[in-house]
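Student: I want to know what stands behind the labels in this model. Can we go through some of them?

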Amino acid sequence: MGLFALDGHMPNLNEIKRRVVHTVQRRLVNPVGRQLPVTMLETIGRKSGEPRHTAIGGRVIDGAFWLVSEHGDHADFVRNIKANPAVRVRINGEWRTGTAHLVPDDDPIARLKQLPQMNSAVVRVMGTDLLSVRVDLA
């Protein structure tokens with residue numbers, strides 16, 4: 001991917017950061033995460049209809065699983081949720097079904113304080129457009 005967008009405009013710092021982080025996550029973090037007992041989110045691909053797995057950080061709070069998307073609406077898993085909110089979350093090695101909800105009115109910085117510290121620190125540093133996501137577990 002070149003420095004300039006297809007429309008010829010110079011991307012801003014957040015766009016560049018999002019592209020770099022997305023590439024690292026897609027080529028390194030997610031493939032490794034699929035092999036490790038980390039928390040994973042399974043969505044259904046909006047175009048392919050196939051299951052898509054994303055390594056995530058989050059926590060069950062009051063019966064719902066909460067996470068914060070680093071890139072908000074730009075994240076592929078968020079786009080998949082918009083197309084089909086039925087998801088599965090792998091928590092402690094066990095898959096649980098649920099329905100995902102984007103929660104734009106939630107304060108993602110405050111939410112990160114309730115979630116695992118290491119992941120939250122990475123999300124704060126790497127994130128460009130934070131968005132809270134709640135998964136109501138079945």
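Tutor: Here are labels set against their definitions. This is a predicted model, where local features need pLDDT of at least 70, side-chain atom pairs count only at pLDDT 80 or more, and totals for chains, interfaces and linings use all residues. Residues are numbered from 1 along each chain as its sequence is written, and side-chain values use heavy atoms, with hydrogens and water left out.

Student: Why is Ile-81 called buried?

Tutor: Its relative accessibility is 4%. Buried means under 20% relative accessible area, exposed over 50%, partly exposed in between (1.4 Å probe, protein chains only). Therefore Ile-81 counts as buried.

Student: Which residues does Ile-81 touch?

Tutor: Leu-41, Thr-43, Val-87, Ala-100, Leu-102 and Val-133, leaving out residues up to four places away in sequence. Contact means heavy atoms within 4.5 Å.

Student: Why is Val-24 called partly exposed?

Tutor: Val-24 has 43% relative accessibility, so it counts as partly exposed.

Student: Is Thr-128 buried or exposed?

Tutor: Buried, because its relative accessible area is 16%. Thr-128 sits in the loop between helix H4 (117-126) and strand S7 (131-137). Helices (H or I, at least four residues) and strands (E, at least two) are DSSP runs, numbered from the N terminus.

Student: What makes the pair Thr-128 and His-71 a polar contact?

Tutor: Their side chains meet at 2.8 Å. A polar contact is a pair of N or O atoms within 3.5 Å; within protein, one must be able to donate a hydrogen and the other to accept it, and residues adjacent in sequence count only if both atoms are side-chain atoms. The Thr-128 and His-71 side chains make such a contact.
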